[in-house]
Amino acid sequence: MLTIGDFARASRLSAKALRRYDELGLLRPARVDPFTGYRYYAEEQLERARLIAWLRGIGMPLAEVGRVCALYASDAAGAARAIRSYWARVESETAARRDLAASLVDRLRGPTEMTDEMTEGTADGMADGMADGTSGGAAGRPAFVLRTAVRLDRGLVRAAQQDAAHAGPHLLAVADGYGPEGARAALAAVGALEAVPPPAPSARAGDVLNALEDAVRAADGAVSGLAESGTTLTAAVWTGGRLALAHVGDSRAYLLRDGAFVRLTRDHTVVQALVDAGELDPAEAADRPDRALLLKALDGGHAAPEPELGVHETRPGDRYLLCTDGLSAVAPADDIRRALAAGVGPEEAAEALVALARERGGPDNVACVVADVVPA
């Protein structure tokens, strides 16, 4: 038997930490002296103690540490998978914070050349429209507007439509529901985003992002109670001179500017986290059977996921695309770019994108919003 002091030195854990882990049930002492209350540990407990120390060293919360340790006792491979999954989430969240920092740097520095760094009514069929925006026109008139088109397609395989899309006067959004109540989840999430108030032309970027973040939390709450179901969500608020983005999941936002095609969002998937960590070549990601395994989604759980947020300066001639993975997962980026750059209006471009997914088998639902920045 080892005293608590000897065990602390051997395990690289402090006596204070050992007492805390005893209280939490993570690491009970082998024996407690009934008169002095002094704790004693068996040498066989060192392996569990060191595992706890290593897991805490990578920042794993105590609740997850307990689950991994319990799993390790009966399934070491399962414990290894749990650690890998945790670290994939850390990589994804770190990438989101890094990109938010990059966005803040760009924003404080002022308008710059286009960068590919991302920071962080609902349609049952087809809808086209105009979204007003202001960028300093005379007498308060908008200098530019968004000309938009929305398309939803069930695809050629799925029995039901579980995607939703919206393009209103100031809001663009797509959502990809999953699970038995996936359609309701997607519609509820997009519906919650519609509560975002139209931003004033002079609105500060931070205020718009705060409103978007609050709306994403409301969307997560709207999904609550839909058993084993959830949705992705990618949304943008137009202010007349900027587009503020909020993103959770693996739907995507793209920008076509002067022929250059840039993805503005990062997938919140295990596969993307492995790519970000340098453990997987991007060319291999599309062929992975687990490519759609999400790290973040709106599912009404105990804590709403933090969306990636970003602000992008707009220019006349910009074309934006928001789409679910029913398009992006089956059509190569070059084909999507060609369809958007074909010199046709948003309606024709959206139709071409749906046709592109169908040409490749239409294995999933498709939702897409095409928005052009044009003179008022």
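Helix α3 crosses helix α4 in a right-handed way. A crossing is right-handed if the near helix is turned clockwise from the far one by less than a right angle, and left-handed if anticlockwise. The model is predicted, so local features need pLDDT of at least 70 and side-chain atom pairs pLDDT 80 or more, while totals for chains, interfaces and linings use all residues. Residues are numbered from 1 along each chain as its sequence is written, and side-chain values use heavy atoms, without hydrogens and water.

**Whole chain**

- The protein chain holds 12 helices and 15 strands. Both are DSSP runs numbered from the N terminus: helices are H or I with at least four residues, strands are E with at least two.
- Of the 376 residues in the protein chain, 48% are buried. Buried means under 20% relative accessible area, exposed means over 50%, and partly exposed lies in between (1.4 Å probe, protein chains only).

**Helices α3 and α4**

- Helix α3 spans residues 46-57 and helix α4 spans residues 62-74. They pack at about 140°, with axes 10 Å apart. Axes are lines fitted to C-alpha atoms, for helices over the stretch in contact, and angles between N-to-C directions run from 0 to 180 degrees.
- That angle makes α3 oblique to α4. Angles under 35 degrees count as roughly parallel, over 145 as roughly antiparallel, 65 to 115 as roughly perpendicular, and the rest as oblique.
- From α3, Glu47, Arg48, Leu51, Ile52, Leu55 and Arg56 take part in the contact. Their partners in α4 are Leu62, Val65, Val68, Cys69 and Tyr72. Contact means heavy atoms within 4.5 Å.
- By class, this contact of α3 with α4 has 8 nonpolar, no polar and 3 charged residues. Ala, Val, Leu, Ile, Met, Phe, Trp, Tyr, Cys and Pro count as nonpolar; Asp, Glu, Lys and Arg are charged; the others, Gly among them, are polar.

**Helices α1 and α3**

- Helix α1 (residues 4-11) packs against α3 at about 55°, with the axes 9 Å apart. The two are therefore oblique to each other.
- The crossing of α1 and α3 is right-handed.
- Phe7, Ala10 and Ser11 of α1 touch Leu46, Ala49, Arg50 and Ala53 of α3. The contact of α1 with α3 has 5 nonpolar, 1 polar and 1 charged residues.

**Helices α11 and α12**

- Helix α11 (residues 333-340) and helix α12 (residues 346-359) cross at roughly 150°, and their axes come within 9 Å. That makes α11 roughly antiparallel to α12.
- α11 passes α12 in a right-handed crossing.
- Asp335, Ile336, Ala339 and Leu340 of α11 meet Ala349, Ala352, Leu353 and Leu356 of α12. The contact of α11 with α12 has 7 nonpolar, no polar and 1 charged residues.

**Single residues**

- Leu255 sits in strand β11 (residues 252-257). Leu255 is buried, with 3% relative accessible area. Its C-alpha atom is 9.1 Å from that of Leu322, 67 residues apart along the chain.
- Asp258 lies in the loop between β11 and β12 (260-263). Asp258 is not a glycine, yet has a positive phi of about 50°. Asp258 is exposed, at 76% relative accessibility.
- Glu228 belongs to the loop between α7 (205-223) and β8 (230-231). Glu228 also is not a glycine and has a positive phi, of about 55°. Glu228 is exposed, with a relative accessible area of 73%.
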